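Thank you all for coming; I would like to walk you slowly through one structure this morning, and I will spell out each term when it comes up.

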Amino acid sequence: MWGLARLLLAWLGGWGCVGPLAAPVHARAGPRGPTLLRARRSWVWNQFFVIEEYAGPEPVLIGKLHSDVDRGEGRTKYLLTGEGAGTVFVIDEATGNIHVTKSLDREEKAQYVLLAQAVDRASNRPLEPPSEFIIKVQDINDNPPVFPLGPYHATVPEMSNVGTSVIQVTAQDADDPSYGNSAKLVYTVLDGLPFFSVDPQTGVVRTAIPNMDRETQEEFLVVIQAKDMGGHTGGLSGSTTVTVTLSDVNDNPPKFPQSLYQFSVVETAGPGTLVGRLQAQDPDLGDNALMAYSILDGEGAEAFSISADSQGQDGLLTVRKPLDFETRRSYSFRVEATNTLIDPAYLRRGPFKDVASVRVTVQDAPEPPAFTQAAYHLVVPENKAPGTLVGRISAVDLDSPASPIRYSILPHSDPEHCFSIKPEDGTLRTAVSLDREARVWHNLTVLATELDSSAQASRVPVAVRTLDENDNAPQLAEPYDTFVCDSAAPGQLIQLIRTLDRDEDGNSSRVSLQGPAGPDANFTVQDNGDGSASLRLPPRPAPPRQAPYLVPIELWDWGQPALRSTATVTVSVCHCRPDGSVAFCRPGAQLAPAGLSTGALLAIVTCVGTLLALAVLFAALRRQKQEALMVLEEEDVRENIITYDDEGGGEEDTEAFDIAALQNPDGAAPPPPPPGAPARRDVLPRARAPRAPRPPGPADVAQLLALRLREADEDPGVPPYDSVQVYGYEGRGSSCGSLSSLGSEAGGAPGPAEPPDDWGPLFRTLAELYGAKEPAAP
């Protein structure tokens, strides 16, 4: 088989570049047929190159396709298929010349795969098998570097060391990095020197000088350039900006703008009052500028306090304790401002604190009188005569000590007017005799006022304690009404008696029997020494009696002088059960063994009587209310509310109103009455017209209605006196007309009666009842 000789010549004109050529294939005849002899070659024949962006007025010849079977007779036709065949690349079918028709861009497409074949022009029979080859677009430096992520923003702490990394910038070049230096980039700093530098190969931006101070310049604009071709002349370049911001560090101590601060405050300023602001200046930011303030000297720390405000910048000087112009008129002390956060890396730039002097002048102000004591505690014995001296309240005018003061007691603190005070000197005396048992403490409020300025006044609490005297005799703690069993043993305890003394230390009263309990019996009282005594049976008790025993008891205290009193203990003799409970008492005894007492019965009877009285009163009120309502109902008669006792009539009840408005609007005016008949009047007639008798024979409804209609027309007592006038007008649209006599003619004989069946649907029920025709006689 003959091989296809391919010859692709890169036609580059004046560029002086030639592409690889295909080695020719030769054939010679041998004893067994033609033998293929291939010339040796040292290149790859199926890869060819074309320079990108090359363009000319005519298509550019890039190579030639030739086969050994083509002897120049014009019988061979060359075909080209594949990527770009016929559009980008065209071939001359006769000569095999391949041309490129337009400028190529390697960044859009780097290579094209084509298929070449030689066929017979007449029959299109392939002369050789198709062969594939590649045309590569050779790169040229036609794309500058770009920074896809620019512009950049970076932050670096101030005072950073030289070489501190700030940020890395990266540029991209669309040219082929494997061919030449078109994509080899070099970074340089165009603007930002001498503060920053950039690594030429990596693009890392670093600090170039030490101790860059944010307070001097906070922001830097650095311009970085990337250039291809290794940075040589003729290379393309691109640039970007890097905005570098210096972040703050605590490298500046606080400083007071002045060494001495002077303030003034009135002496009446209370604790917490703001005296002034001290502002130390720190050029740092945020937490690095927070400061704490303190007072260094002791005398200033006692009277004043200082603290930072909510922003941690200013020092607020406030009053710590009350000031007194008369005692001290000025204060001098030192104040220190210190950073709260200190970075050890910058201690060499310290110390991070500053001191300033402060002088505070106390200004005089009108002050109310000042009492010699913050509170007074006085005592006075009870039962003393009014006017007894209790004590003396004293106050002084601090502004003018010689000024007179007027004293008074606030009325609400002494509502019972138990005390009085002398306005000139504040002497406090009793106004009534005091009783300790009624009230021990009296809490007064004394007001001191300057005579020349009533607005200057002050108050002081005065507590007066009433001292006790032995003025109350001891008495029993409660009435004692006890019992003793008739079987009680001698010496048995009957009752523990307790005493009460309203005086102080009154629990040490003594108790004894005043005399024998009776002629034939006695009791013993044993003083327990603690304000109580034990009532016991004697060793030899007398025979019991029916009447209760009244045991007289004598009480006295240990006061000076001692006070005595007597009391009586009632002891009943009762019969007891074996368990000690009372079975019954002897007649006359006050203790009841069982049942209700007389007092309980009286209480029950009283409650029942009260309930019965309330029930009777409630019933009477209810009945009175009902009677009042009934009277009102009978008297409440209105024009359109009429009570009837029968089905008709009612002429007497219609005299109070005119019902002419209820007349049939469709009816004509009534004709004049017949001769001899009385004229109609708007009053009740004196005599009623006689009613015509009912005709004999079977009832004829039509004839009966006509008869009654004629009677109504001729009767002068008919409406407007009859209240049935309300229903006289039945409205329009009735098939049978109106049945009322108001619209009927006076006089005249009735016409022929119509059967009820012809009256219409409204009278269907009436027709069924009365309108049935009688059956014909056989």
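This is a predicted model: local features need pLDDT of at least 70, side-chain atom pairs count only at pLDDT 80 or more; totals for chains, interfaces and linings use all residues.

Let me begin with the salt bridges, of which there are eleven, where the term stands for a side-chain nitrogen of Lys or Arg within 4 Å of a carboxyl oxygen of Asp or Glu. Residues are numbered from 1 along each chain as its sequence is written, and the side-chain values use heavy atoms, with hydrogens and water left out.

One of these bridges brings together the side chains of Glu-83 and Lys-109, at 3.5 Å from N to O. The two partners come from distant parts of the chain, 26 residues apart, with Glu-83 in the loop between β6 (76-82) and β7 and Lys-109 in the loop between β8 (97-100) and β9; strands here are DSSP runs of E with at least two residues, helices are runs of H or I with at least four, and both are numbered from the N terminus. Glu-83 is partly exposed, with a relative accessible area of 34%, and Lys-109 is partly exposed as well, at 32%. In these terms buried means under 20% relative accessible area, exposed means over 50%, and partly exposed lies in between, with a 1.4 Å probe and protein chains only.

Another bridge joins Arg-277 and Asp-309, at 3.9 Å from N to O. This pair also links distant parts of the chain, 32 residues apart, since Arg-277 sits in strand β19 (residues 274-279) and Asp-309 in the loop between β21 and β22 (314-319). Arg-277 counts as partly exposed at 45% relative accessibility, whereas Asp-309 is buried, at 14%.

In a further bridge, Arg-436 meets Glu-437, with the closest N and O atoms 3.4 Å apart. Here Arg-436 counts as buried at 10% relative accessibility, and Glu-437 is buried too, with a relative accessible area of 16%. Elsewhere, Arg-214, Glu-215 and Asp-248 are linked in a network of salt bridges.

Lys-109 leads us on to the rings, because its charged end sits over the ring of Tyr-112, 5.4 Å from the ring centre; for this, NZ of Lys or CZ of Arg has to be within 6 Å of the ring centre and within 35 degrees of the ring normal. The charged end of Arg-564 is placed over the ring of Trp-556 in this way, 5.0 Å from its centre.

How many aromatic pairs does the count come to? The count comes to ten, where rings of Phe, Tyr and Trp (its six-membered ring) pair if their centres lie within 6.5 Å, and planes under 30 degrees apart count as stacked, over 60 as edge-to-face and the rest as tilted. The rings of Phe-89 and Tyr-112 have their centres 5.2 Å apart and their planes at 80°, so this pair is edge-to-face. Phe-89 lies in strand β7 (residues 89-91) and Tyr-112 in strand β9 (residues 111-120), so the pair ties together parts that are 23 residues apart in sequence. Both Phe-89 and Tyr-112 are buried. Ring pairs also link Phe-256, Tyr-261, Phe-263 and Tyr-293 into a cluster.

Next comes the disulfide, meaning a pair of cysteine sulfur atoms within 2.5 Å, and a search of the whole structure finds one. Cys-485 is joined to Cys-576, at 2.0 Å from S to S, and the torsion about their S-S bond is about -90°, so the disulfide is left-handed. Cys-485 lies in strand β35 (residues 481-485) and Cys-576 in strand β41 (residues 564-576), so the pair ties together parts that are 91 residues apart in sequence. Cys-485 is buried at 18%, and Cys-576 is buried at 10%.

Finally, for the chain as a whole, the secondary structure comes to four helices and 42 strands, and buried residues make up 34% of the 778 residues.
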